[in-house]
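My entries follow in the order I made them.

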Amino acid sequence: MSERPLLIVVLAAGKGTRMKSALPKVLHQVGGRSLLGHVLAAATAAGGSRVAVVVGPGMDNVGAEARAQVPDVETFVQVSQLGTGDAALAARAAIESHDGDALVVLGDSPFLTSETLIRTRHSLQGDAGIAVVGFEAADPTGYGRLLVDGNGSVTAVREEREASAEERKVRLCNSGVIGFRGERMLEILSAITDQNAKGEYYLTDAIEIGRAKGVRSVYVTGSAEETLGINDRAQLAAAERIFQDRARAKLMAEGVTMIAPETVFVSHDTRIGQDVVIEPFVVIGPGVTIGDNVQIRAFTHLTGTDAKSKKGVAIGARAEIGPYARLRPGASIGEDVHVGNFVEVKNASLENGAKANHLAYIGDGRVGEKANIGAGTIFCNYDGFNKHHTDVGAGAFVGSNTSLVAPVKIGDGAYVGSGSVITRDVAPDALAVERSKQEEKPGWAAKYRQLMARRKKSRN
């Protein structure tokens with residue numbers, strides 16, 4: 001039997017006042033990806049044929065983030081902000097037009113997995129009309145409890161403030177994820193009319209309403225970490241620790257050496273080959289791919305895609321990066337390349353065997369195979385209005401403390417003398433030197449010292 005179409009409704013309207021931030025809660029990041037981005041990735045991996053995101057009034061940036069992750073996402077505004085039941089009904093148009101099953105998930109749960117969503121969906125294929133994701137909590141304080149009868153049916157979700165002393169002993173807790181067989185969903189949600197003590201409508205009241213209508217509810221279990229929701233900065237930091245510990249362990253299991261793993265930070269899409277050695281205090285942002293046998297030395301910062309750029313960072317096999325290097329979006333590092341201390345590369349390629357070992361800025365350009373960029377070299381790429389390209393040919397040698405004023409081309413095998421400011425193209429195999437004539441005045445320094453000593457003595 002083929003699976004019914006799946007609608008996933010993501011509730012992302014909460015402002016997250018405990019975050020103390022102008023940024024909506026779901027746009028805060030874990031592992032270089034927004035909380036909402038993590039949830040939407042799980043939703044699409046679970047086979048959601050339609051994804052709807054419910055946002056709050058004025059949260060255009062949340063809608064933009066949703067579209068960046070899922071281009072055909074449907075967005076709805078929860079105007080009244082009256083709780084999760086009200087939020088789910090904000091997507092009424094999507095629910096009414098959907099013929100299939102639906103899952104409602106929270107937008108602040110970065111560890112929610114597609115596997116759990118798939119299991120929740122499959123639990124609706126029998127006689128169940130509603131499915132809830134629960135987890136066993138070591139300390140259930142603060143969570144809603146799943147109340148289950150002897151037949152394994154969920155009879156209610158009881159919030160702690162409304163639970164009896166006996167119900168508070170229950171350790172099976174509500175994650176906030178709930179699934180519905182589509183043909184009864186709108187009927188049940190529309191029947192949530194009782195407001196809680198805060199004047200809000202609980203989505204979880206759907207369990208008891210469904211039961212009164214003869215709809216059986218079941219549960220599937222996930223881990224406590226998987227269902228972790230983020231409400232404040234401390235929880236955000238805790239989630240980051242969980243993410244980093246998992247990511248580091250996975251990379252090391254795949255053949256990456258980390259000298260001090262607790263000091264290395266990676267992102268959700270970091271890709272690293274075998275026999276890579278990463279020294280302490282390295283930060284790897286989104287969009288970075290590292291080939292085999294690369295050395296990333298201490299205090300290096302690699303950042304690929306960002307808010308302005310969709311370009312990544314790619315590092316070829318056997319390259320050596322750092323210490324104290326910075327690779328920004330669009331940095332393409334070939335095989336056997338050296339990018340040394342205090343070198344910054346942005347939107348530029350260093351082809352196989354090229355070297356920039358010290359104190360250089362390489363922006364908007366190309367460095368050809370086995371070319372050498374001397375210490376203190378600057379690609380002067382920006383004129384205050386536009387970026388321009390610098391091209392350094394294969395085997396070229398650029399001396400220390402050189403400024404290459406773009407647009408400019410240094411030919412294959414050419415030499416550029418130290419201290420030059422190059423504003424015109426240099427032919428292949430030519431020598432270019434641009435510096436003023438050195439003057440020397442014999443004995444000047446001794447006379448100057450004598451003069452200054454007399455002046456100082458006279459003042460005393």
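I began with E4, where five of the six residues are buried, so the strand is largely enclosed by the rest of the structure. Buried here means under 20% relative accessible area, exposed means over 50%, and partly exposed lies in between (1.4 Å probe, protein chains only). Helices (H or I, at least four residues) and strands (E, at least two) are DSSP runs, numbered from the N terminus.

I noted that this is a predicted model, in which local features need pLDDT of at least 70 and side-chain atom pairs count only at pLDDT 80 or more, while totals for chains, interfaces and linings use all residues. Residues are numbered from 1 along each chain as its sequence is written, and side-chain values use heavy atoms, with hydrogens and water left out.

Next I looked up the partners of E4. E4 (residues 50–55) pairs with E1 in the parallel sense over five bridges. Two strands count as paired if DSSP finds at least two bridges between them. Val 10 faces Val 53 in E4. Ala 52 in E4 stands opposite Val 9. E4 also pairs with E5 (residues 74–77), again parallel, over four bridges. There, Val 53 has Thr 75 of E5 as its bridge partner.

Then I turned to E1. How many residues of strand E1 are buried? Six of the six residues, 6–11, are buried, so E1 is largely enclosed by the rest of the structure. In a regular strand the side chains alternate between the two faces of the sheet. I checked the directions in E1: Leu 6, Ile 8 and Val 10 point one way, and Leu 7, Val 9 and Leu 11 the other way. All of these are buried. E1 is also joined to E6 (residues 101–106) by six bridges, and the two run parallel. Leu 11 has Leu 106 as its bridge partner in E6.

**Helix H1**

I moved on to H1 (residues 35–45). Eight of its 11 residues are buried, so H1 is largely enclosed by the rest of the structure. Among the buried ones I listed Leu 36, His 38, Val 39 and Leu 40.

**Salt bridges**

I found 26 salt bridges in the structure. The term means a side-chain nitrogen of Lys or Arg within 4 Å of a carboxyl oxygen of Asp or Glu.

I looked up Arg 4. Its salt bridge is with Asp 101, and the closest N and O atoms are 2.9 Å apart. Arg 4 lies in the segment before E1 and Asp 101 in strand E6, so the pair ties together parts that are 97 residues apart in sequence. Are the two partners buried or exposed? Arg 4 counts as partly exposed at 26% relative accessibility. Asp 101 counts as buried at 3%.

Arg 158 came next. Its side chain meets that of Glu 167 in a salt bridge (3.2 Å, N to O). Both Glu 167 and Arg 158 are buried. Arg 158 also forms a salt bridge with Glu 208 (3.6 Å, N to O). This pair links distant parts of the chain: Glu 208 is in helix H7 (residues 206–212) and Arg 158 in strand E9 (residues 154–158), 50 residues apart. Glu 208 is partly exposed, with a relative accessible area of 37%. I also noted a network: salt bridges that share partners join Arg 4, Asp 101, Arg 181 and Glu 183.

I checked for cis peptide bonds. One joins Gly 322 and Pro 323, with omega about 5°. Pro 323 sits in the loop between strand E20 (320–321) and strand E21 (326–327). Another runs from Ala 406 to Pro 407, with omega near 0°. Pro 407 is in the loop between strand E29 (403–405) and strand E30 (408–410).

Asn 293 has a phi of about 60°. It lies in the loop between strand E16 (288–290) and strand E17 (295–296). At 42% relative accessibility, Asn 293 counts as partly exposed. Asp 364 has a phi near 55°. Asp 364 is in strand E24 (residues 355–367) and counts as buried at 9% relative accessibility.
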